[in-house]
Each structure stands twice: as structure tokens, then as C-alpha cells.
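Let's take a walk through this protein together. Keep the sequence and the 3D view open as you read.

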Amino acid sequence: MDIIEFFQGMGFMQMTWQQGVMLLVSFFLLYLAIHKKYEPLLLLPIAFGMLLTNLPGAGMFHDELWTAFLDPNSPAYHSYGAILKGAGLLDVLYIGVKAGVYPCLIFIGVGAMTDFGPLIANPKSLILGAAAQIGIFVTFLCANWMGFTPAEAGSIGIIGGADGPTSIFLTSKLAPHLLGPIAIAAYSYMALVPVIQPPIMRALTTKKERAIKMGQLRPVSKTEKIVFPIIITAIVALILPDAAPLIGCLMLGNLMKECGVVERLSKTAQNELMNIVVIFLGLSVGATATASSFLTLKTLGILTMGIVAFSLGTAGGVLLAKFMNLFLKNKINPLIGSAGVSAVPMAARVSQTVGQEENPSNFLLMHAMGPNVAGVIGSAVAAGVLLTMLG
């Protein structure tokens with residue numbers, strides 16, 4: 001009898017076909033992360049979190065606890081105490097996502113690794129970074145028209161910013177039941193930047209435009225680099241308070257890097273802090289990709305609308321650069337506009353690669369870094385706008 005009970009308690013005996021499918025999906029994502037090296041730093045822990053949460057009987061993540069947490073009619077509504085009482089390991093880690101802690105900590109690390117010099121040297125880059133966010137808002141309208149709720153549509157639209165932490169931050173506030181599919185879509189499309197962007201960039205530009213050479217950027221002083229994060233934080237937070245957590249953390253990290261007096265903190269933010277939070281964030285986000293939440297028609301819609309958002313963002317930056325060239329004496333290579341989607345620094349490298357195909361002596365990387373880092377600011381601001389409207 002004990003042997004029978006032992007076999008009945010095995011995960012194999014409890015597994016549903018849906019859980020089996022999710023395990024296969026997790027294996028595929030692990031393959032992409034390890035063999036193809038598609039955003040491995042986050043895709044690997046996300047995929048492994050998906051593996052853990054779909055192992056029957058493991059008890060590491062309890063979807064029903066979080067369903068009650070989000071139900072206004074439940075005694076456990078917004079009660080972290082109720083979560084902890086019946087929590088597994090991944091439930092505890094997920095509290096950091098739900099409270100918006102992990103994305104903000106990651107933004108400190110991102111800020112500490114970001115050089116805003118190209119943006120300061122060429123302020124027009126800020127406009128290109130803003131234009132690339134058009135994909136977020138057009139997709140929001142399309143998703144809402146397709147039947148998604150406004151909160152769900154906003155969470156889907158933010159995929160167009162190509163900024164994983166921002167996507168997670170906004171979705172955890174507006175549509176936490178969609179966190180798994182949206183996070184996986186956001187990081188998958190970020191990894192596919194070199195595949196998705198070049199055809200769009202070539203289709204919207206001529207050979208002559210792609211060969212435009214841009215002059216060297218002016219030197220940026222240390223004072224400018226120190227003042228920039230302080231001013232941006234104050235302006236954005238005063239205009240859009242909901243964007244303050246992301247922008248504030250991003251600029252704090254950058255200020256630590258540029259001021260030169262807290263080098264130890266800057267290195268910690270870039271390395272130890274960033275690495276620890278990435279592990280926690282990836283595992284807990286992957287844990288939300290349960291069979292019941294992932295294997296739905298909504299997931300297919302999210303993946304479809306995500307690629308639309310990303311493509312529109314790429315196109316928006318390129319087209320605005322072309323429009324600006326109608327009025328500028330010193331022309332902008334429109335390819336750098338595609339870098340406004342915020343996938344740092346991959347999108348900037350793609351601009352450089354496509355530009356050199358037409359003109360091997362063309363060096364667009366530093367010019368493209370301006371819209372690229374502007375896109376990081378832009379996606380955080382867009383998230384704040386959506387949170388203000390829909391939260």
C-alpha cells in the first residue's frame with residue numbers, strides 16, 4: 001500500500017497535458033537562451049522559473065493565492081500576509097515583482113552602465129527616442145479594439161518599448177495575470193532585434209539615406225553628465241509622478257557612475273546587485289507562466305500584438321528622422337531613429353551594421369546611442385503615462 005501511495009504521489013501521475021506542454025515550452029526557451037544566446041541573462045532564469053512552476057506537486061508557486069490576492073471580494077485581497085502563510089519559494093520571490101521592487105533595482109544597474117553623453121551632445125536624439133514610443137500607444141489602441149481591457153491593452157502596448165523591466169513593472173500593476181506571456185514576449189523580441197529591425201529599416205529608407213555620414217559628436221563635460229540625471233529626475237517626477245520610481249532609479253544609478261565619488265556603489269549596482277536581482281526577477285516572472293494563464297488565446301494575441309508594437313516603434317523612429325531631415329542642414333541618418341526602441345545597446349549596433357552595409361566608412365554607433373538611451377527614458381515615461389491613465 002505504501003508503494004502504491006508513493007507512485008500516486010509522483011509528479012508523473014499528477015501531470016496534466018497542459019503542464020506537459022508548458023514544460024516543453026520551457027525547454028525550448030532554455031534552448032534559445034543557452035544555444036542561441038537570446039537574452040540569456042534573463043531568458044534562462046525565466047525559462048527555469050517556468051519549468052519549476054509547472055512541475056506538478058512541487059508547491060513552489062501557488063496561482064490560487066495570487067488570484068485571491070487580486071480579488072476584491074476575497075479576505076486575502078492585497079494581503080501579503082496571506083501569501084506568506086501558504087507560500088512556496090517562488091511565491092515569496094514574486095512579492096518583489098508585485099511590489100515593483102525588482103524592476104526599479106534593475107534600473108539602478110542599467111543607469112550605472114549607461115552613458116548619456118551621446119544624448120546630451122545631440123539633444124535631437126531625445127525626439128527620436130520619443131518617436132519610437134509611438135508603437136506603444138498605437139498598439140494600446142489596437143489591443144483595446146481587439147477586446148482586451150484597457151489595462152491589458154496598456155500592458156501589451158509597453159512591449160513596443162523593448163524594455164523588459166519596464167514591461168514587467170507596468171504589467172505587475174495593471175494586468176498581473178498576463179505577466180508571464182508579456183515578459184516572455186518582451187525579452188524574446190528584444191533578443192530578436194537583429195532579425196526584426198533590419199528589414200523594416202531597409203524598407204523605409206533609400207540607399208542614399210542609409211549612406212548619410214554624420215559628423216563627430218561634441219565632447220560632453222563631466223558637469224553636464226552630473227547635472228543631467230538630477231534635472232531629468234526632477235522634471236519627469238514633477239510632471240508625471242507615476243514614472244518617478246523607474247526614472248528615479250535609472251538616474252540614481254547614472255549619477256553614481258558619473259559623479260566619481262561612489263565608485264564602489266556604482267560597481268556594485270552594475271554587477272552584484274544587478275546579477276542577484278536578475279536571478280530573482282527571472283525566476284519569479286517565469287513562475288507566473290502557469291498552464292492555466294499561458295495556454296490561452298490571449299497569449300497568442302499578446303505575442304502577435306507585441307511584434308506589431310515593436311515594429312511600429314522601429315518605424316516611428318526612422319520616419320521621424322526622415323521628416324526632420326526636411327528641415328535640417330546637417331542631415332541625420334534615418335537608421336539611428338530605429339535605435340529609439342530602448343534595447344540597449346543592441347538596437348544601436350543594428351543601426352551601425354545596416355549603415356556600414358551601404359557605406360563601410362560610416363560609423364553610426366555613437367550617434368545611435370543617443371536615441372537608444374533616450375528610448376530607455378521614453379519607455380519609462382510611457383509606462384508612467386499608462387499607469388496614470390489606467391492604474
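Predicted model: local features only at pLDDT ≥ 70, side-chain atom pairs only at ≥ 80, totals over all residues.

Residues are numbered from 1 along each chain as its sequence is written, and side-chain values use heavy atoms, with hydrogens and water left out.

Start with the salt bridges (a side-chain nitrogen of Lys or Arg within 4 Å of a carboxyl oxygen of Asp or Glu). The count is nine. One of them pairs R202 with E357, at 3.1 Å from N to O. R202 sits in helix 15 (residues 193-204) and E357 in helix 22, 155 residues apart; helices here are DSSP runs of H or I with at least four residues, numbered from the N terminus. R202 is partly exposed at 35% relative accessibility, and so is E357 at 46% (buried means under 20% relative accessible area, exposed over 50%, partly exposed in between, using a 1.4 Å probe and protein chains only).

Next, look at E358 and K207, whose closest N and O atoms are 2.9 Å apart in a salt bridge. E358 belongs to helix 22 and K207 to helix 16 (residues 207-210), so this pair ties together parts 151 residues apart in sequence. K207 is exposed at 56%, whereas E358 is partly exposed at 24%.

Helix 16 also holds E209, which meets K322 of helix 21 and so ties together parts 113 residues apart. E209 counts as buried at 19% relative accessibility, while K322 is partly exposed at 24%.

Now for some helix packing. Helix 8 (residues 101-112) and helix 18 (residues 244-259) pack at about 35 degrees with axes 6 Å apart; the axes are lines fitted to C-alpha atoms over the stretch in contact, and angles run from 0 to 180 degrees between N-to-C directions. Contacts (heavy atoms within 4.5 Å) involve residues including F107 and I108 of helix 8 and L246 and L250 of helix 18.

Finally, a loop. S342 lies between helix 21 (297-324) and helix 22 (346-358), and is buried at 5% relative accessible area. Beyond its neighbours within four places in sequence, S342 touches residues including G161, D163 and N372.

For the surface, turn to V227 in helix 17 (residues 222-239), partly exposed at 39%.

Methods:
Helix = DSSP H or I, 4+ residues; strand = E, 2+ residues; numbered from the N terminus.
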